[in-house]
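Hi,

Here is the structure I promised to pass on.

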Amino acid sequence: MSEPTPKPGTASTRLAAVWGSPIRHSASPAMHNAGFAALGLDWRYVAFEVAPERLAVAREGARAMGFCGVYLTVPHKVLALGLMDVLDASAEAWGAVNTVVFEAENAEGVWTPVGQLRSVTGPVRLCGHNTDADAIVRALRDDLLIEPRGARVLLLGAGGAGKAAALRLADEGVETLWLQNRTASKAAGLAAEIAQRFPAVDVRVGLPDTDVEILIHATSSGLKPEDPLPLDLASYPLARADGVYDMIYRPAETPLLRAARQAGCRTANGLGMLLYQGAAAFELWTGRPAPVDVMRTALVREVQGHPGESR
């Protein structure tokens, strides 16, 4: 059975996008466009390279051109906090924005996603959400088959995605959380926030002195073939982790995941996290249930190729 294909775009086509730097690796256009086509929606999702210093300009351009939504990836998730007109409770709670919903007032004066309105005549505001945090918890359960609650976790990276993951895992009730970041002061600041908000969690900065159930990689190291491993294996061997989760999904097996597999760890890349946060964003923008199975198939095909296809 062939997949639904989108009709040619028109002046009525709704637009959504992903912004990041770098952005060529992004598989989210394949996922979202497959979802739109499956529901017969006249929407398109495109990817744009946007440098951090141009984020505010891009925001105003998208507002003026009638965009319905934007997904933010590296390095924009924390920077965007100060560029939104309003923050959803999820962005406030997890300290980063990855999903932007463009909103306008409906006939009753209620702020509503513009993708769910027939027309927009008044001002448009940008509401920042975070769909990353819940997605990482679900991905750990589904892809690694490991329960985060009560687990010992080593998190590499304290940027936008790393910060949201750390706070969400603390809220989930991990036992001990180690934060390792290239800039130690950034990890220390995040640890202090976790200690204040979630005093039951034992949060530490640096590498563990014990085995862990889960190691999560939340930096961009590994997107390029020449990138070094994000962890000094002499200081902390991967065999000390039951499972290793890399938020990077392209390449499907990063050098970190390859080394973890060879060390006998359970491994998973960021495809599941991308799927779950993308499905949540899709529903925020459109007001329609996301066709998750269709979106998953499109992602797998985009990143790994058709089943049985050599790569």
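Below is what turned up when I went through it.

One thing before you start: this is a predicted model.

Let's begin with the inside. The largest nonpolar core has 82 residues, and the members that touch the most others are Trp 19, Leu 177, Leu 179, Ile 194, Ile 216, Tyr 245 and Met 247. Helix α8 (residues 271-286) gives the most to this core, with 9 residues. There is also a second, separate core of 15 residues, with Trp 178 and Leu 231 among them. As a general point, nonpolar side chains in soluble globular proteins tend to be buried together.

Next, helix α7. Which of its residues are buried? They are Leu 256, Leu 257, Ala 259 and Ala 260, in a helix that runs over residues 255-262. These four cover an arc of only 160° around the axis, so they sit on the same side of α7. What do they pack against? The partners are β11 (212-217), β12 (241-246) and β13 (266-268). Just after α7 you'll find Gly 264, with a positive phi of about 90°.

Now the aromatic rings. A search of the whole structure gives 3 aromatic pairs. In one of them, the rings of Phe 36 and Trp 43 have centres 5.2 Å apart and planes at 35°, so that pair is tilted. Phe 36 counts as buried at 1% relative accessibility, and Trp 43 does too at 5%. Tyr 45 and Trp 285 make another tilted pair, 6.1 Å centre to centre with 40° between the planes. That pair links distant parts of the chain: Tyr 45 belongs to strand β2 and Trp 285 to helix α8, 240 residues apart. Phe 36 and Trp 43 also form one aromatic cluster with Phe 282.

- Ser 21 to Pro 22 is a cis peptide bond, with omega near 10°; Pro 22 is in the loop between β1 and α1.
- Val 74 and Pro 75 are also joined by a cis peptide bond, with omega about 5°; look for Pro 75 in the loop between β3 and β4.
- Leu 145 has a positive phi, near 60°, although this residue is not a glycine. You'll find Leu 145 in the loop between α4 and β8, where it is exposed, with a relative accessible area of 66%.

Happy exploring!

How values were computed
Residues numbered from 1 in each chain as written. Predicted model: local features only at pLDDT ≥ 70, side-chain atom pairs only at ≥ 80, totals over all residues. Heavy atoms only, no water. Buried < 20%, exposed > 50% of the residue type's maximum accessible area, 1.4 Å probe, protein only. Helix = DSSP H or I, 4+ residues; strand = E, 2+ residues; numbered from the N terminus. Arc of directions from axis to C-beta. Contact = heavy atoms within 4.5 Å. Core = buried A, V, L, I, M, F, W, Y, C linked by side-chain atoms within 4.5 Å. Phe/Tyr/Trp six-rings, centres within 6.5 Å; stacked < 30°, edge-to-face > 60°.
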